[in-house]
Amino acid sequence: MNDLSSKHDLERRFAKLESQFDNWEKIKDCADQFIDIMLNYRQSGHPGGSRSKVHAFVATLLSGAMRWDIRHPERTFSDRFILVAGHTVPLIYGTLPVLFEALRLKFEQTGDKRYLVPDAPHRALYWEDLTSFRRNKGLPGHAEMEGRTLFLKFNTGPSGHGSPAAAGQALALKRAGAGEVKVFAFEGEGGLTPGAAHETMNSAWGLGLDNLYYVVDWNDFGIDPRRFSSVMDKSPREWFASHGWRVCEAEDGNNWESLTRALVELTNGANPRKTPSVMFMKTRKGRGYFKFDYESHGSPHKMNSDLFWKTKRTFIDKYSVRFEGYGEDAPSDPEDIREQMYANLKVVADVIRKDHALVDYIAETLIALGESVPDTPRTFKFDVSKNPLKDPRLYDFEHYPPELYAKPGEKKPNRAALQQFGSWVNTWTRKEYDRPLFIAMSADLAESTNIAGFAKDFGEETGYGWYDRDTNPDGTLLPQAITEFANAGISAGIASVNFAQKPYDEFNGFLSSCSTYGSFSYLKYGLMRLFSQVAQDSEIKVGQV
C-alpha cells in the first residue's frame with residue numbers, strides 16, 4: 001500500500017467512527033461520575049490519572065481498535081489489555097460498568113442470550129460492585145487479573161512493572177503464530193521513568209513485537225509538585241523513537257477527533273519495519289475534577305465537600321438528574337454513607353438505562369466486537385487438543401535419557417544439568433508435539449549460565465536455536481541484553497498466555513526460564529511477586545517460570 005492509499009484508508013476508518021463520538025461522550029460522562037462517586041465515599045484511590053485516560057480507554061474499547069469479548073475474558077485470541085499504570089484502576093471500575101449495564105438491560109428486555117454474561121455474579125462488573133472498592137474481599141485498589149476484572153491480563157501497580165509483562169505476552173502470541181492478536185498497554189509518562197520501561201523498550205524492538213501497542217497519557221505530573229518535563233528531556237516521541245518504535249501522537253487526548261485519528265493510525269497505519277508502536281496523548285491530569293495535576297494524583301476530594309459536589313454540577317445540568325444529599329455534608333453513620341453512595345451510583349446508572357439508543361449502541365457494538373474475535377488464527381501453530389504438560393512421560397525422571405545424568409563420581413557444575421535438561425525437553429516436545437515447551441532468556445549470560453541449552457540440539461534431535469525477529473522467529477532462546485528485571489517480567493508475561501481450549505481448567509502454553517548470576521537475582525523479585533499473585537488468584541490458569 002503506497003502512502004496515498006494508506007492515508008485514504010486511515011481517513012475512511014476515521015470517518016466511520018466520527019458518528020460515534022456523541023455516544024462515547026455520554027459513556028465518558030457516566031464513567032467520570034462512577035469514578036468520582038466511588039472515590040468520594042471510599043476516600044481513597046487515584047482520581048487524576050484515571051480521569052485523564054477515560055477518552056482513550058472508551059475509544060480503544062469501542063472503536064474496533066481492540067478485538068475483545070466482554071462476555072468471555074478467557075477467549076484466547078481476544079486482544080489483551082494491561083493497565084501498566086495499575087494505580088489508575090478506577091478508570092476500569094468507572095468504565096466497564098457502563099458497558100455491562102447496557103448488556104444487562106438488553107438481556108432483561110429481550111432474553112436474548114447474546115447479551116448474557118456467563119456467571120455474571122462473579123464475572124460482570126456492575127455499578128453496584130463499586131460500593132466494595134478497597135474493602136475486604138471487594139474491588140482491589142490496584143489492577144488485578146481475577147474475578148470481575150479478568151479483562152485485565154496481568155496484576156499491576158508498582159511503577160513500570162507491567163511493561164515487560166506486556167512484552168512477554170506479545171512475544172508468546174507471536175511465537176505461537178498468533179501475532180495478529182494485539183497487546184495494549186496503558187501507561188503514563190511517570191511510569192516510563194523506571195528502568196523496567198527502558199529495558200522493555202529495547203527488548204520489544206529487539207524481539208520485533210509489532211503486536212505490542214502502547215498508549216501513553218502524557219499529563220506531565222506524578223505525585224510530587226515538580227513537572228516530569230523538568231527532569232525528563234524532550235517528549236514521548238523521542239523517548240520511544242530512539243528505541244526504534246513507531247510513534248503516533250494525539251495533540252489533545254481529551255478531544256475525540258484528535259485522539260481517534262491517532263488511535264486509527266496506531267492500529268491501522270503502515271508498519272513495514274515490524275516494530276512495536278506507541279500513541280502518546282497530551283492530557284490534563286484531573287480533567288474535569290477541579291483538582292488538577294499532582295494534587296489530583298492519589299487524593300480524592302473530601303467526602304461531600306463543595307468541590308466534590310461541583311464535579312456533579314455539569315452532569316446535573318446536562319442530564320437533568322438529582323443526586324442524593326447534593327450540596328450537603330456527608331452523613332455521619334457508615335450505613336447512611338453507603339446508602340447515599342448506592343443511591344448516587346444508581347442516578348448515573350439510570351442515565352444509561354433511560355437512553356435506549358445508547359443502550360442499543362453499546363450492546364450491539366460489544367456483540368459485534370465479540371464476534372470479531374477469531375476462534376483460531378489461520379497462522380496459529382499449535383494443536384491445543386494435545387497438551388505436553390499432561391503427558392506423564394515429561395515427569396518420569398526414572399526413564400529420562402541417560403545423558404541427563406552424570407556418572408557416579410563425575411564432577412560437573414549444576415548448570416550443566418540445566419543445559420542438558422533444556423536441550424532434551426524442547427527437542428522432545430518438538431518431536432512429540434511439534435512445538436517447544438520452554439522459551440528461555442538470560443541477561444547476556446546465556447552460555448555462561450548454560451540456559452542456552454533450551455535452544456540446542458539433543459543427540460540426533462534438532463533444537464530451535466536462538467530467536468531472531470527476522471531470520472529465526474521460531475527460536476526458543478531470546479537474545480536479551482543485560483535486562484534481568486525485564487527478563488523476569490517477559491518470562492511472567494509469556495507464562496500468562498494460555499492457549500488451552502478450557503483455560504479455566506488447565507494451562508496449555510509456554511513455560512519460561514530466565515537466568516543470571518546469583519548476585520543479580522534480586523532484580524527479579526518484583527515481577528515474580530506479581531506473577532505469584534496472578535497464579536494464586538486468577539481463575540484463568542497460568543503457567544510457570
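User: Of the 88 residues in the largest nonpolar core, which touch the most other members?

Analyst: This is a predicted model, in which local features need pLDDT of at least 70 and side-chain atom pairs count only at pLDDT 80 or more, while totals for chains, interfaces and linings use all residues. Residues are numbered from 1 along each chain as its sequence is written, and side-chain values use heavy atoms, with hydrogens and water left out. A nonpolar core is a set of buried Ala, Val, Leu, Ile, Met, Phe, Trp, Tyr and Cys residues joined through side-chain atoms within 4.5 Å, where buried means under 20% relative accessible area with a 1.4 Å probe, protein chains only. In the largest such core, of 88 residues, the members that touch the most others are Trp68, Phe81, Ile92 and Phe151.

User: Which helix gives the most to this core?

Analyst: Helices here are DSSP runs of H or I with at least four residues, and strands are E runs of at least two, both numbered from the N terminus. With eleven residues, the helix that gives the most to this core is H2 (residues 21-42).

User: How many residues does the other core have?

Analyst: This other core lies apart from the largest one and includes Ile82, Val183, Tyr467 and Leu478. Its size is 61 residues.

User: What is the radius of gyration of the protein chain?

Analyst: The radius is taken over C-alpha atoms, and the globule rule is 2.2 Å times the number of residues to the power 0.38. For 545 residues, a compact globule would come near 24 Å, so the chain agrees with that expectation at 24 Å.

User: Which strand do the buried residues of H14 pack against?

Analyst: Helix H14 covers residues 414-433, and its buried residues include Trp424, Val425, Trp428 and Tyr433. Taking contact as heavy atoms within 4.5 Å, these buried residues of H14 pack against strand E6 (438-442).

User: Is aspartate 220 buried or exposed?

Analyst: Aspartate 220 sits in the loop between strand E3 (212-218) and helix H9 (236-241). Leaving out residues up to four places away in sequence, aspartate 220 touches Glu189, Arg227, Phe228 and Ser229. Because its relative accessibility is 10%, aspartate 220 counts as buried.

User: Which backbone nitrogen does the side chain of aspartate 220 reach?

Analyst: The distance between the side chain of aspartate 220 and this nitrogen is 2.8 Å. The backbone nitrogen in question belongs to serine 229.

Definitions and conventions:
The expected span of a helix is 1.5 Å times one less than its number of residues. Buried means under 20% relative accessible area, exposed over 50%, partly exposed in between (1.4 Å probe, protein chains only). A polar contact is a pair of N or O atoms within 3.5 Å; within protein, one must be able to donate a hydrogen and the other to accept it, and residues adjacent in sequence count only if both atoms are side-chain atoms.
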